[in-house]
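Q: Hi, could you walk me through this model? I have a few quick things to ask.
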Amino acid sequence: MNTDLPNSRILKHYTKKAYFYKNLDELKRRMMTFVLYYNHQIKLKLLKYQPPFDIIMLEFERNTSNFNHHPNHMLLGLKIT
């Protein structure tokens, strides 16, 4: 993945311009997949080659008073209780 592009151009390139969508639901699913991938897998130079979510978790561990909820609770996925 080329991360030299500005963020809005990256999003447009990998979602809107790379695929054809039959309906709005497909587009929403693809956008959410891309955002989750970007936040958890892409290591950004600005963040010293760490994914954004790792930085959020480090900050949560340092100072929990800055957060209303645990960051893991905001993730999409199976709701196992």
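Q: Which residues does Leu44 touch, not counting those up to four places away in sequence?
A: Leu44 touches Tyr38, Tyr49, Gln50 and Pro52 on that count, where a contact means heavy atoms within 4.5 Å. Keep in mind that this is a predicted model: local features need pLDDT of at least 70, side-chain atom pairs count only at pLDDT 80 or more, and totals for chains, interfaces and linings use all residues. Residues are numbered from 1 along each chain as its sequence is written, and side-chain values use heavy atoms, with hydrogens and water left out.

Q: Thanks! And which residues make up the largest nonpolar core?
A: That core has five residues: Ile10, Phe34, Tyr38, Ile42 and Leu44. A nonpolar core here is a set of buried Ala, Val, Leu, Ile, Met, Phe, Trp, Tyr and Cys residues joined through side-chain atoms within 4.5 Å. Buried means under 20% relative accessible area, exposed over 50%, and partly exposed in between (1.4 Å probe, protein chains only).

Q: How much of the chain counts as buried?
A: Of the 81 residues, 16% do.

Q: Switching topic: how many helices and strands are there?
A: Three helices and zero strands, so the order from the N terminus is α-α-α. Helices (H or I, at least four residues) and strands (E, at least two) are DSSP runs, numbered from the N terminus.

Q: Which of those elements has the lowest mean pLDDT?
A: Helix α1 (residues 7-16), with 70, while α3 has the highest, 90. pLDDT is the predictor's confidence in each residue, from 0 to 100. For the protein chain the mean is 78, and 75% of its residues reach 70 or more.

Q: How many salt bridges does the structure hold?
A: One. Glu59 pairs with Arg62, and their closest N and O atoms are 3.4 Å apart. The term means a side-chain nitrogen of Lys or Arg within 4 Å of a carboxyl oxygen of Asp or Glu.

Q: Where do Glu59 and Arg62 lie?
A: Both are in helix α3 (residues 52-62), three residues apart, which is about one turn of the helix.

Q: Why does Glu59 count as partly exposed?
A: Because its relative accessibility is 30%. Arg62, in turn, is exposed, because its relative accessible area is 64%.

Q: Last one: where is Arg30?
A: Arg30 sits in helix α2 (residues 24-41). Arg30 counts as partly exposed because its relative accessibility is 24%. Its C-alpha atom is separated by 9.4 Å from that of Tyr14, 16 residues apart along the chain.
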